[in-house]
Amino acid sequence: MSQSMRYQAEFAPPPEPARGRSFAMAAAAHVLLFAALGLVTRWTTQEQVVTAEAELWSAVPQQAAPRLVEPEPAPAPEPEPKPEPPKPTPRPAPAPEPEVQKHDAEIALKKQKEEEKKKALEKEKAEKLRKEKLEKEKAEKEKAEKEKKLKEEKAKEQKAKEDKERERKKVEADKRKAEEAKDKAEAARADALRKENLKRMQGLAGATGGENSTGTALKSSGPSASYAGRLVARIKPNITYPGDVVGNPRAEVEVKVGADGTILSRRIVQSSGNKAWDDAVLRAIDKTEVLPRDTDGRVPPVIVLGFRPLD
């Protein structure tokens, strides 16, 4: 070793204590850091192989320092114990309520119960009103339906009554029309008969009858004495009367006859007092139908005949 180098070594400052341990820990930390960076880089990027070379040159030749003796590594420090989590602070016990607060709480609870009771009563009242309303609506609906049904029944009865009254009026009108037609026919027949009598009276201006004569011919004439007996003898065989007759009553019948002897009508002008005998005589005349002519070849238009049961 040259003198200059010896001189430098002698006058160099002494090494600091535990400096080697600090370098070792720093180197280990750098190694771990580089290893972590390498792992991260490899995980995020593709692996690339980079080759580099470096040369160190010193401008002035220097002699290497003596080799340092590596001290034994110090034992790893024990991990510090984890601090225990802080215990929760116990809540202070509630202070006893004063008498005033307790009294207020009782009043509030009582008021709350009263409010709930009031609400319950209001709800019950509302439900009761709702039910009453439904029942009232139902009763009104039933009443309306009943009134409607009753009204319909009354309308039907009124219609039936009106129809019956209309039918009765129609029957009465038909009957009245028939009676009016009959009356008109009777009036027309009477008018025709009156006109015929008037003509006959006008034609009999030169009649020779007496003042008290009631005939309509110019000269007095009448049926022969035997003609009435012939008519009775013609009709009486047709009388059928099985009953008993008290006495011998006489029934007088007016018979209207046509010019050829055909019986046009007949009616009782004097009853015998026995309706059965009167009806038997009328049936016999209807059965006869035609009367014989008189000796002069004529048939009186009106003939009155008398019939007795015992003759």
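**View 1. Leu-291 and its contacts in the predicted model.** Leu-291 touches Leu-231, Ile-235, Val-255, Val-257, Gly-261, Ile-263 and Ile-303, not counting residues up to four places away in sequence. Contact means heavy atoms within 4.5 Å. This is a predicted model, in which local features need pLDDT of at least 70, side-chain atom pairs count only at pLDDT 80 or more, and totals for chains, interfaces and linings use all residues. Residues are numbered from 1 along each chain as its sequence is written, and side-chain values use heavy atoms, with hydrogens and water left out.

**View 2. The largest nonpolar core.** This core has 20 residues, and Leu-291 and Phe-307 have the most contacts inside it. Helix H4 (227-235), S1, H5 and S3 each supply at least two of its residues. H5 gives the largest share, 6 residues. A nonpolar core is a set of buried Ala, Val, Leu, Ile, Met, Phe, Trp, Tyr and Cys residues joined through side-chain atoms within 4.5 Å. Buried means under 20% relative accessible area, exposed over 50%, partly exposed in between (1.4 Å probe, protein chains only). Helices (H or I, at least four residues) and strands (E, at least two) are DSSP runs, numbered from the N terminus.

**View 3. The open sheet.** Its 3 strands run in the order S2-S1-S3, with antiparallel pairing. Strand S2 (263-270) and strand S3 (302-307) are the edge strands, and each pairs on one side only. From one strand to the next, the twist averages 25 degrees. Helix H5 (residues 275-288) packs on the sheet and touches S1, S2 and S3; its direction makes about 165 degrees with that of S2. Axes are lines fitted to C-alpha atoms, for helices over the stretch in contact, and angles run from 0 to 180 degrees between N-to-C directions.

**View 4. Strand S1 and its partners.** Strand S1 (residues 251-257) pairs with S3 in the antiparallel sense over 6 bridges. Two strands pair if DSSP finds at least two bridges between them. Ala-251 has Phe-307 in S3 as its bridge partner. S1 and S2 also pair in the antiparallel sense, over 6 bridges. Here Glu-254 stands opposite Arg-267 in S2. The hairpin of S1 and S2 has 5 residues between the strands, and Gly-261 takes a positive phi near 95 degrees in it.

**View 5. Helix H5 from end to end.** At the N-terminal end, Asn-274 caps H5: a side-chain oxygen lies 3.2 Å from the backbone nitrogen of Ala-276. At 1.5 Å a residue, the 14 residues of H5 should span 20 Å, and the end C-alpha atoms are 20 Å apart, which agrees. The expected span is 1.5 Å times one less than the number of residues. Buried residues of H5 include Trp-277, Asp-278, Leu-282 and Ile-285. Their cover includes H4, S1, S2 and S3. After H5 comes Glu-289, whose phi is positive, near 70 degrees.

**View 6. Val-281 in helix H5****.** Val-281 counts as buried because its relative accessibility is 0%. Val-281 touches Ile-239, Val-253 and Phe-307, not counting residues up to four places away in sequence. The C-alpha atoms of Val-281 and Ala-251 are separated by 8.0 Å, though these residues lie 30 residues apart along the chain.

**View 7. Thr-288 in helix H5****.** Thr-288 counts as buried at 11% relative accessibility. A polar contact of 2.9 Å joins its side chain to that of Asn-238. A polar contact is a pair of N or O atoms within 3.5 Å; within protein, one must be able to donate a hydrogen and the other to accept it, and residues adjacent in sequence count only if both atoms are side-chain atoms.
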